[in-house]
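Reader: I would like to learn how to read a model like this one. Please take one feature at a time.

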Amino acid sequence: MLEPTGDVDISNVTFRFLSAQGADEYIVQVSDNPGFPANRTVQIPLPYKLANPDIGGQVLVIANQDLSGRFGAGQTLYWRVGYRYSRDISPPEGGWVFSRVRSFTVPVTPPPSPDF
């Protein structure tokens with residue numbers, strides 16, 4: 001249920017992932033580098049906090065993300081989910097706990113036929 005994987009339309013990416021028990025805030029980071037350097041990473045927040053963070057394993061969706069302005073055809077992109085509890089009195093170092101890194105590929109599409 002974790003997506004995206006495989007070849008992905010970079011102009012319309014949907015991220016699906018499972019919630020972590022005890023977390024109410026989430027971000028998805030996407031980069032062309034598996035080390036996620038700040039200048040090459042896009043952060044996409046889940047636009048709401050989970051009402052019941054005590055239940056883990058809920059499917060969360062961030063839909064219809066257009067990453068074409070930042071990344072291009074032929075690239076392998078890496079993504080991970082950051083999660084935290086917003087009212088944690090001792091937050092994790094760096095502010096987020098991150099999932100395992102996953103990847104997907106932006107396919108190289110042939111150029112459009114010229115109009116004659």
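Predicted model: local features only at pLDDT ≥ 70, side-chain atom pairs only at ≥ 80, totals over all residues.

Reader: How many helices and strands does the chain have?

Author: Helices (H or I, at least four residues) and strands (E, at least two) are DSSP runs, numbered from the N terminus. Here there are zero helices and seven strands. The C-alpha trace spans about 65 × 25 × 20 Å along its principal axes.

Reader: What share of the residues is buried?

Author: Buried means under 20% relative accessible area, exposed over 50%, and partly exposed in between (1.4 Å probe, protein chains only). Of the 116 residues in the chain, 32% are buried.

Reader: What do the contacts say about separation in sequence?

Author: A contact means heavy atoms within 4.5 Å. Taking contacts between residues at least 6 apart in sequence, 69% join residues at least 24 apart.

Reader: Where is Ser-19, and is Ser-19 buried or exposed?

Author: Ser-19 sits in the loop between strand E1 (13-18) and strand E2 (25-31). With a relative accessible area of 7%, Ser-19 is buried. Beyond its neighbours within four places in sequence, Ser-19 has contacts that include Tyr-26, Leu-50, Ile-55 and Leu-60.

Reader: What does the side chain of Ser-31 make polar contacts with?

Author: Ser-31 lies in strand E2 and is buried, at a relative accessible area of 0%. A polar atom of its side chain is 2.8 Å from the backbone oxygen of Arg-40. The side chain of Ser-31 also makes a polar contact with that of Thr-41, at 3.5 Å. Not counting residues up to four places away, Ser-31 touches Phe-36, Pro-37 and Phe-71, among others.

Reader: How many aromatic pairs are there?

Author: A pair of aromatic rings is described by the distance of the centres and the angle of the planes. Rings of Phe, Tyr and Trp (its six-membered ring) pair if their centres lie within 6.5 Å; planes under 30 degrees apart count as stacked, over 60 as edge-to-face and the rest as tilted. The structure holds four such pairs. In one of them, the rings of Phe-15 and Phe-104 have centres 6.4 Å apart and planes at 70°, so the pair is edge-to-face. Phe-15 belongs to strand E1 and Phe-104 to strand E7 (residues 102-105), so this pair ties together parts that are 89 residues apart in sequence. Phe-15 is buried at 0% relative accessible area, and Phe-104 counts as buried at 1%.

Reader: Why is the pair of Phe-17 and Tyr-26 tilted?

Author: The planes of Phe-17 and Tyr-26 stand at 45° and the ring centres are 6.0 Å apart, so the pair is tilted. Both Phe-17 and Tyr-26 are buried.

Reader: Which residues do ring pairs link into a cluster?

Author: Phe-15, Trp-79 and Phe-104 are linked into a cluster by ring pairs.

Notes
Residues numbered from 1 in each chain as written. Heavy atoms only, no water. Polar contact = N/O pair within 3.5 Å; in protein donor to acceptor, adjacent residues only side chain to side chain.
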